[in-house]
Amino acid sequence: MSLNNQGRPTAPSAANDAVQVQTVSGNKALDQATKLIFETGTPRRTGVDLPEPKGKANRLGAHAREGEIGLPGLSEPETMRHYVRLSQKNYAIDLGVYPLGSCTMKHNPRLNEKVARMPGFADVHPLQPVSTAQGALELMYELSHWLMTLCNMPAVALTPKAGAHGELCGMMAIRARLDADGHSHKRRVLVPESAHGTNPATAVQCGFTVDEIPATDDGRVDLAALKAKLGDDVAGIMLTNPNTCGLFERDIIKIADLIHSVGGYFYCDGANFNALVGRVRPGDLGVDAMHINLHKTFSTPHGGGGPGSGPTVLSDALKDYAPVPYVVKDGEGYNLVETAIDGSFGRMCAFHGQMGMYSRALTYMMSHGADGLKQATEDAVLNANYIQASLSDVMTPAFGGICMHEALFDDRFLKDTGVETLDFAKAMIDEGYHPMTMYFPLVVHGAMLIEPTESESKGELDRFIGSMRHLATKAKTGDVESFKQAPIYAPMRRLDETQAARKPILRWTPPVDVAEAAE
Amino acid sequence: MRYLPLNANDRAEMLSVVGVDNIDALFEDVPKSARLDKLVDLPKHQSEAAVERHMNRLSNKSIHASSVPFFCGAGAYKHHIPATVDHLIQRSEFLTAYTPYQPEISQGTLQALFEFQTQVALLTGMDVANASMYDGSTACAEAVVMARRVTRKNKAILAPGLHPHYAAATQTLASTLDIDINEITPEIGADASVIDMITDETACVVVQSPNVFGEIVDLTPIAEKAHAHKALLIAVFTEPVALAAIKSPGEQGADIVVGEGQGLGVGLNYGGPHVGLFACRQKLVRQMPGRVCGETVDANGERGFVLTLSTREQHIRREKATSNICTNSGLCCLAFTIHMSLLGDAGIKRMAALNHEKACELADLIDGIDGAKILNDTFFNEFTVKLNKPAAQVVEALAAKNILGGVPFSRMVNGVHEDLLLVCATEVVSDEDIAAFGAALKEVLS
């Protein structure tokens, strides 16, 4: 017997969906309307108790800030509510399937969070004496060992702050080596059409020019086209493997040999390393540099857009050009090399990189072990293939055959239905799923890239497949309007992104006082 | 393995749906020579308790800031972080969400970003801010590249008080882009010297205030000279709390303001993750790197937020993007914004006043010790002490007495200013800590 049943049991009358309630509060039951803090807080209120300053002598010179900054303050309960309400407007891995291809939304173990907060990692200053930070350095050294072993590569630069920063690291090491060898005329970088946008952007940021290589009909690098592009000015290639179509580049060793034959280097975008861990080592494929997204492959949380971490493994040819700082073993202890010497291309950022991500990633790796990491890779690939196989008759796989950790579909199955990839994605939101990656890679029309990761159970996958089949079938029956209207059950309906870009409002400003404006 | 939901039956069933006999069949595209036939040479899986024990052992090998009198700054600052902050950022909906590419189900992250951008704009005195960068140093480097885009000139001037790591990170990025940067000799009170270096060829001048030595710099005359030569002033800070006490860079004419936000909401983390702040004038917004969140309406006309101006970004513009940056520092900028929402104007001003007061007390004490001399005319919460011994040696001797007594300048630039020690005091430093530091320093210097 539940509490409200005491004498007054609930017996609803038949539901009438025609009744729509406009609430006065703007709330919709659990979905609470949440104003901006600038509309609720005031600069005089604060949620932090600090002692009264004694009012001592001032050493700010003539530089003291006068007047109000305009920052609203909230008491602690108001702060709690504000952010808890906001949080409830977010989708999250912990809520449901988040099949964003290429982004690898896997489970984030909470042990990682606990370890990252241990004071010997979280509460250590980057420039306190290394003699007092030995535990942190040992962790970095251990992490390096795991990454180098999994990649069969002789060196790793830990400092890059994110995947794209790791790309920069690898490409700068390549440039430094080329310049050291007197090969400064090598400035052309080959990039497949299917590459992540960061690849060409990185190459340009390192002073290279970009030359695109087309794909074959089976979604892989066109070897003949690649050969035709080779020349003495080629600095290297930036290639993702498995590529962004979710396919393993079968000719990868040939590609590496070809690039090396003209004195170029092979940069591998490691965004999809989670399809290889424990089964394939990039060092065995002829890779010279590869960044590893700790926030994808090794489960450090994405946190709504970061922070990431992009340690970059380097081959024998490039290891002397690695950025500073790095950890070295020094007798029984550990030391940091912080000054760039010899070939090192310098420093990429203040301090030593993303310690908080190192501790999480190493915790994840040690928890899995060599056996668990391999199993995770296999499960990720199996889950993707299971989805592809289960949807092939109602959707259109872009290439078919076996895929790796993600399954790529195009929009041929939506042809003449009036439903577009975007509409299909928004309809998935109403089904309770985060949409897959859409319109990427660019080589496929209306691309839908589904990456389930190893974290999904078979039951969850079956429910997801059921929803996808239902939507695909519904699209073909001509029910366009329900797709165009979607999402209906999300906290917001479709947003006007065109308006946002045309007249950018990037911050709150106080409303204009009507009386004042009239004066 | 506790993180993997599939069992042997599931796997067998699923393989048959895929139409293959075994898992190896899914890896047939891998060249034979690269197929591993055994496990990599690493330990096998371990229980949660076993991993935790190992990590605890490592953690205990370091001396952490809260356990001792602590006076390190130089780009990373120890402040009290309200318990609310860490609780909220660990909510699944924030922690385990991706970049808010689907705004209908990401309004939590997006609204928080919009509030963050507004707070950063207010604090720096600028028109707009982006949704954060990796850290202060990379934000600084990106600002210099942006200045070249805006001015179409390629000479950047870095001031002698710029944090050496920021200067190094900027030089690294600039070196491959043929941006010409001056050699800098770090010096405490010499930032105004950049005024005479500005010419019509200058794209930007980069000045930190308070600078790495703690000295507060008057940016106004530098901005005036820069603008007279159609150059941009990039103002840099490493301690966000300082901006509540000193005139904002915006007020002094800065065109771009970049800095480190770690001091609010984010712990020391041995140097990362931190959170880079990036703000600029409205007219420069389309040249800004990084993600930006903007206000719009939904199909019902209700206010909502989206990522916007993405035509600047790599996933749309590819090789023509303003930067290769993809990730921001999402969770750290959430921590920053929650801490700032708790503080408000009143709180952050009081926090700043307490920082300044502690630093003044410490400076007065140190100045009275034989063999130690404060070099600053002005400072906020950190300052530079000239010692009669190498600072690195003094810091080691203090550490042996269980005091983390600041950062030797030579730790950042090997062999330079070996007698200079950067000392910082924040609101977490107690009177007892200050007394202990004074007594220990006296002993070490005598």
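Two strands are taken to pair if DSSP finds at least two bridges between them, and the strands themselves (E, at least two residues), like the helices (H or I, at least four residues), are DSSP runs numbered from the N terminus.

The model is a predicted one, in which local features need pLDDT of at least 70 and side-chain atom pairs count only at pLDDT 80 or more, while totals for chains, interfaces and linings use all residues. Residues are numbered from 1 along each chain as its sequence is written, and chains are lettered from A and ligands numbered from 1 in the order in which they are written.

Chain B as a whole contains 12 helices and 13 strands. Its radius of gyration, taken over C-alpha atoms, is 25 Å, close to the 22 Å that the globule rule (2.2 Å times the number of residues to the power 0.38) gives for 446 residues, so chain B is as compact as a globular protein of that length. The C-alpha trace of chain B spans about 80 × 55 × 50 Å along its principal axes. Of its 446 residues, 63% count as buried; a residue is buried if 20 or more other C-beta atoms lie within 10 Å of its own, exposed if 12 or fewer, and partly exposed in between, with C-beta atoms placed from the backbone.

Chain A, for its part, has 16 helices and 13 strands, and 57% of its 519 residues count as buried. Strand β2 (residues 188-192) of chain A is mostly covered, four of its five residues being buried. Five bridges join β2(A) in parallel to strand β3 (residues 209-213) of chain A, and in this pairing A:Val191 stands opposite A:Glu212. The chain crosses from β2(A) through helix α7 (residues 198-205) to β3(A) in a right-handed β-α-β crossover, right-handed meaning that, with the strands pointing away from the viewer, the path from the first strand over the helix to the second runs clockwise. Strand β2(A) also pairs in the parallel sense, over three bridges, with strand β4 (residues 234-240) of chain A, where A:Arg188 stands opposite A:Val234.

Further along chain A, an open sheet of four strands has the order β10-β11-β13-β12, with antiparallel pairing, and its edge strands, β10 (396-397) and β12 (437-438), each pair on one side only. Two bridges join β10(A) to strand β11 (residues 407-410), and A:Thr396 stands opposite A:Asp410. In the loop between β12 and β13 (448-450) of chain A lies A:Tyr439, which has a positive phi of about 60° although it is not a glycine. A:Tyr439 is partly exposed, with 17 other C-beta atoms within 10 Å.

Where the two chains meet, 173 residues of chain A are in contact with 168 residues of chain B. Helix α11 (residues 355-391) of chain A gives the most to the side of chain A that touches chain B, with 22 residues. A contact between the chains is also found at B:Leu15, which touches A:Leu382 as well as B:Val20, B:Asn22 and B:Ile23, its neighbours within four places in sequence being left aside. B:Leu15 belongs to helix α1 (residues 8-18) of chain B and is partly exposed, with 19 other C-beta atoms within 10 Å.

Each chain also holds a cis peptide bond: the one from A:Ala486 to A:Pro487 has omega near 0°, and the one from B:Ser209 to B:Pro210 has omega near -10°. A:Pro487 sits in the loop between α14 (480-485) and α15 (497-502) of chain A, and B:Pro210 in the loop between β4 and α8 (220-228) of chain B.

Technical notes:
Contact = placed C-beta atoms within 7 Å.
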